[in-house]
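Subject: Structure for your review

Dear colleague,

Please find below the structure that I am handing over to you. I would be grateful if you could read the notes that come after it with the structure open.

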Amino acid sequence: DNAMYWVGECLFSQGKFVDAVKAFDKMLEKYPQSDRAPAANLKKALAFVQLNQIGQGIEQLRFVTSTYPGTDEARIAADRLQSLGKP
């Protein structure tokens with residue numbers, strides 16, 4: 001799970017957001033209970049925002065806040081929702 005997460009992270013950092021979403025999806029499908037799941041879901045949300053798929057990004061950010069409450073990822077997702085005007 002860790003290696004698959006970092007593939008997605010590398011693609012994200014290269015600006016390959018579509019490929020990053022696919023990589024995070026693949027990781028989450030294979031390892032849904034991974035300790036990297038909150039981060040992968042958050043990065044997936046941020047990739048959607050970067051792709052100007054704001055609706056999907058907001059939906060994914062809300063998923064992170066509701067599924068992983070109390071985590072750093074949930075706090076970051078909530079902050080990002082606030083910045084998008086969708087608290």
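Predicted model: local features only at pLDDT ≥ 70, side-chain atom pairs only at ≥ 80, totals over all residues.

Helix packing

Two packed helices are described by the angle between their axes and the distance between the axes. I begin with helix α3, residues 37–50, and helix α4, residues 54–67, whose axes come within 7 Å and cross at roughly 160°. Because angles over 145 degrees count as roughly antiparallel, α3 is roughly antiparallel to α4. The crossing in which α3 passes α4 is left-handed.

Which residues make this contact? On the α3 side they are N41, L42, K44, A45, F48 and V49. On the α4 side they are I54, Q56, G57, Q60, L61, F63 and V64. Sorted by class, the contact of α3 with α4 comprises eight nonpolar residues, four polar residues and one charged residue.

Helix α3 also meets α1: the axes of these two helices come within 11 Å and cross at roughly 25°. As angles under 35 degrees count as roughly parallel, α1 is roughly parallel to α3. The crossing of α1 and α3 is likewise left-handed. In this contact, α1 contributes Y5, E9 and F12, while α3 contributes A39, A40, K43, L46 and A47. The residues of the contact of α1 with α3 divide into six nonpolar and two charged, with no polar ones.

Aromatic pairs

The structure holds four aromatic pairs, and I describe two of them here. Y5 and F24 form a tilted pair, with 5.6 Å centre to centre and 45° between the planes. This pair links distant parts of the chain: Y5 belongs to helix α1 (residues 2–13) and F24 to helix α2 (residues 17–30), and the two are 19 residues apart. Both Y5 and F24 are buried.

The pair of F12 and F17 is edge-to-face, at 5.1 Å centre to centre and 75° between the planes. F12 has a relative accessible area of 15% and is therefore buried. F17, also with a relative accessible area of 15%, is buried.

Ring pairs also link Y5, W6 and F24 into a cluster.

Two individual residues

N52 lies in the loop between α3 and α4. Most residues other than glycine have a negative phi. In N52, by contrast, phi is near 65°, a positive value in a residue other than glycine. Is N52 buried or exposed? Its relative accessibility is 62%, so N52 counts as exposed.

P38 lies in helix α3. With a relative accessible area of 11%, P38 is buried. Leaving aside neighbours within four places in sequence, P38 is in contact with Y68 and E73. P38 and R62 are 24 residues apart in sequence, and their C-alpha atoms are 12 Å apart in space.

With kind regards

Note on methods:
Residues numbered from 1 in each chain as written. Heavy atoms only, no water. Axes fitted to C-alpha atoms, helices over the stretch in contact; angles between N-to-C directions. Helix = DSSP H or I, 4+ residues; strand = E, 2+ residues; numbered from the N terminus. Parallel < 35°, antiparallel > 145°, perpendicular 65-115°, else oblique. Left-handed = near helix turned anticlockwise from the far one by under 90°. Contact = heavy atoms within 4.5 Å. Nonpolar A, V, L, I, M, F, W, Y, C, P; charged D, E, K, R; others polar. Phe/Tyr/Trp six-rings, centres within 6.5 Å; stacked < 30°, edge-to-face > 60°. Buried < 20%, exposed > 50% of the residue type's maximum accessible area, 1.4 Å probe, protein only.
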